[in-house]
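Work through the exercises below with the sequence and the model open. Each task is followed by a solution in steps.

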Amino acid sequence: MSGGLREALARLAASALVAATLAAPARLARAGTEEFSTFDVATQEEDDESLLDRVLTRSPHAWRDEWEHAPLALRTSQGCLTSGLWFIDTDLKLRAALGHGARLGVHLRQSESDEVFYDYMDFTFQFPTRFGTPGLLVRPMYDKSQQDFALMWDAGRDTAGLFVHAVFTVEDMFNNLWAFRQTRVGQASESYQRHPYEPALLVGGRGDTWRFEVYGQWLTPSSKRLLGYFAYLPPRDATLWGALGHASLEARALGVNWELRAGNHQARSTDHQIDLTTGDNANFRRKWTGEIAARRALWPRVTAEARGLYQGRSERWSAPAGIGTFEAIDRLLMFETAWNATRSLIVRTGIMHDRIGIERSGAQPYFTWDTRKESRAYIGLIARFGRVSLQGIEGIELDHEPYDVWFVHDKGFLHMQTTF
C-alpha cells in the first residue's frame, strides 16, 4: 500500500471517528437536589451589583460553537461578587470509546456562588441504537446516601437538526431504598419517608439561521426524618421540592441576530420539630427572567449589541423562625461593541445600567441594599493561544458607592476555554 493511500485512509478513519463522536450530544440534561436545596435569592443582596456580575460571568458567545462540537473540552468562568466572595462556574467533558459504538463520558459541573452551590462528577455509559442512545449516569459522592443514579435517552444531534435529551434521576439512591438502609448523611441520620426523583428533558433544534432550546427539570416532593439524639437536638421533619426551566430562541432576520430567553428557578423547603405546632418553617424562593438582545455588524470588524433583561426575585419565610417576604425587580439595559483587532484578539467595550426595586415586610434574615441604581462600564480582551481561549474583563465603577472603591476599579472577571 502506497504512503499516499495509507495517509488518505488514515484521514478517512479519523474523520469517521470525529463524526461518530460529534453525533453524541454535546450537552446532557442532568439534575440534582443540590440545585434546589442550596438555591437562594435573598442572599444575593450581599452583592449590590448581582445581576451585572452574573451577566459578565457568561462565557463569550464566540466560543459556543467550539464548545458544542468538541468531544473533549474545559471551560471556566470566575470573578468577583464582593470583596470576600468569588464566583466559580466550571464545565469539563471527556469521552472515550467503550467498544463498538458504546461510549464512556466524564462530566464535571461545578457552580459556587451566593445563588447556588453544587459540585458534580458524573460518569455516563451510552449505547447507541437505531432508536436513539440509551445510557446510565452514575454520580458518586463521599456521603454514600447522596449518590445519584439516572437513566438517559438521547435522540438526534444537538449540532444540527432536532434533538432530544431525557433523563430520570433517582436522587440519593442509597438512602432508604434498600433492605439494608443507608441513612447516614454527614453525622446525622436522615431517612427518607418520601423519596425524591428528578425527571429532566431538553428539546432543541438547529438550522442555518435559527436555533432553539426548551429545557425543564422537576424535583418531586420529598420528606425525610432528621433524628435527634440529645434534648437540645429534637427530631425534625424536612421537605424539599423544586422546578427549573429555560427557553431560548435565536434567529437572523433583517440583517440582525435576534435572541430571546426566558427562565424560571424555584424551590420550597420546610424544616421543623415534629412536636411543634406553631409552623413548619417553610421557605419559598423563586427567580425568573426575560431577556431580549439584538446584534449586528456595523463594519467588517465591528459588531454592536443591545440587550435588555428583566428579572424578578422573591422569597418568603414562615413561622416559627419568622414571617417575612422579600421582593426584587431588576431592569437591566446593556450596550456593547466588539472589535476584531486581529485573528486572535477581540476587544469588548460596553456599558450597563440596572434599576433594582426592593420591597420587604416582616422578618428579614438577610441584609439588603434596598432600592438602588447600579451602573458600570467595562472593557474586555479575548485572546487565543493555540487551543486555549482567554478573556479578561475589567469593570469601571460609574456610581458613588457607600463603600470604598479603589480608583475606578469595580469588579474583575476571567474566562478560559480549551479543547484537548
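**Exercise 1: a charged pair**

Glu35 and Arg109 form a salt bridge, with 3.7 Å between the closest N and O atoms; the term requires a side-chain nitrogen of Lys or Arg within 4 Å of a carboxyl oxygen of Asp or Glu. The model is predicted: local features need pLDDT of at least 70, side-chain atom pairs count only at pLDDT 80 or more, and totals for chains, interfaces and linings use all residues. Residues are numbered from 1 along each chain as its sequence is written, and side-chain values use heavy atoms, leaving out hydrogens and water.

Solution. 
1. Helices (H or I, at least four residues) and strands (E, at least two) are DSSP runs, numbered from the N terminus.

**Exercise 2: a second pair**

Task: Find the N to O distance between Glu49 and Arg376, and locate both residues.

Solution. 
1. The salt bridge between these side chains has an N to O distance of 2.8 Å.
2. Glu49 sits in the loop between H2 and helix H3 (50–56), and Arg376 in strand S18 (residues 372–385), 327 residues apart.
3. Glu49 and Arg376 are buried.

Notes
Buried means under 20% relative accessible area, exposed over 50%, partly exposed in between (1.4 Å probe, protein chains only).
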